[in-house]
Amino acid sequence: MTNEIILAIETSCDETSVAVVRGGKEILANVVSSQIEQHKQFGGVVPEIASRKHTEQITYVLEKAFKEANVAWDDIDAIAVTEGPGLVGALIVGVNTAKALAFAKNKPLIAVHHIAGHIYANRFESEFEFPLLALIVSGGHTELVLMENHGTYELIGETLDDAAGEAFDKIARALDLPYPGGPHIDRLAHEGEETIEFPRAWLKNSYDFSFSGLKSAVINFIHNEKQRGNVINKADIAASFQASVVEVLTEKTFEAAMQYGVKQVIIAGGVAANKGLRKAIVDKFSDSNIDVYIPPIQLCTDNAAMIGAAASILYQERQFAGWDLNAKPSLPLI
């Protein structure tokens, strides 16, 4: 394990986070300021509000991270920041903060891909063994990524329309559940029964995903039930919807892991906090010789510690960013 200490900044969406990470595997501090309460009344993230809140919170979060980690600027070896993808205004706050600090303190600057961060959140749990397969599931991403080594990514499957997390939020809205909807769907699913046969988009001979048809089917079912004057059983709808999403994610991940002969499967992204998905993945691979790793709940959602973990590899390879670093809202992983 290396011993470099990286100050990491994450502001890609609606969490302002600063972390201090040693050697890519030890969290000295991981401070997260969430904006859920500000965006809840709108049923989703408002980019302008997110940017403003990041600007208001970044100095406070930075100071708190230093205090929790009990470090000084002389201890910091590099400054890492999420370059993209994400909301452009939100990203700019983090990028400009990182650039200003790196310039003022004469520290190397490291640009990190947000999805790489989610993947490397798993390194706090266990060292990577290659080849490995990462299932990334979040509000904006549903992807299967093959890694043959650190920092190398091969996209073998992705969503053709809605991401899994996006589908969760839209179904939650249709059921009049609070924002963010994913955790409420997960909670209700465990209270209900899978009584409704919603569609599964298998997309044969492909590891790609599609959730728009499922989303439409669930929304149409809810509307039809309301028009008939029937009582909406939210728990059963949530259970049936979640079962459809989880089955497709689990089966495709298993098939890909078998085909590519991976040693590890890791789950990453906000939807990795979903209890139904976590159990299904673990159960599916229980009889295989493939190890499954899922980050703790607090490291599934956006946080700066994961950015520090990914940055550690780039630091060792001396892959530093220049002063022309800018936010890239549609930055591809590959």
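Me: What span should helix α7 have, and how far apart are its end C-alpha atoms?
Reply: This is a predicted model, and its helix α7 runs over residues 212–227, which makes 16 residues.

Me: Which helices do the buried residues of α7 pack against?
Reply: The buried residues of α7 are Leu214, Lys215, Val218, Ile222 and Glu225. They cover an arc of only 105 degrees around the axis, so they lie on the same side of α7. The helices that these buried residues pack against are α5 (164–174) and α8 (234–260).

Me: Is the pair of Phe103 and Trp323 stacked or edge-to-face?
Reply: A search of the whole structure finds nine aromatic pairs. In the pair of Phe103 and Trp323, the ring centres are 5.5 Å apart and the planes stand at 80 degrees; because planes over 60 degrees apart count as edge-to-face, this pair is edge-to-face.

Me: Is Phe103 buried or exposed?
Reply: Phe103 belongs to helix α3 (residues 88–105), whereas Trp323 lies in the segment after α11 (304–316), 220 residues apart. The relative accessible area of Phe103 is 61%, and since a value over 50% counts as exposed, Phe103 is exposed.

Me: Over which ring does the charged end of Lys284 sit?
Reply: The charged end of Arg318 sits over the ring of Tyr315, 4.6 Å from its centre. For Lys284, the charged end is 4.8 Å from the centre of the ring over which it sits, and that ring belongs to Phe254.

Terms used
Residues are numbered from 1 along each chain as its sequence is written. This is a predicted model: local features need pLDDT of at least 70, side-chain atom pairs count only at pLDDT 80 or more; totals for chains, interfaces and linings use all residues. Side-chain values use heavy atoms; hydrogens and water are left out. Helices (H or I, at least four residues) and strands (E, at least two) are DSSP runs, numbered from the N terminus. The expected span of a helix is 1.5 Å times one less than its number of residues. Buried means under 20% relative accessible area, exposed over 50%, partly exposed in between (1.4 Å probe, protein chains only). The arc is that of the directions from the helix axis to the C-beta atoms. Contact means heavy atoms within 4.5 Å. Rings of Phe, Tyr and Trp (its six-membered ring) pair if their centres lie within 6.5 Å; planes under 30 degrees apart count as stacked, over 60 as edge-to-face and the rest as tilted. A charge sits over a ring if NZ of Lys or CZ of Arg is within 6 Å of the ring centre and within 35 degrees of the ring normal.
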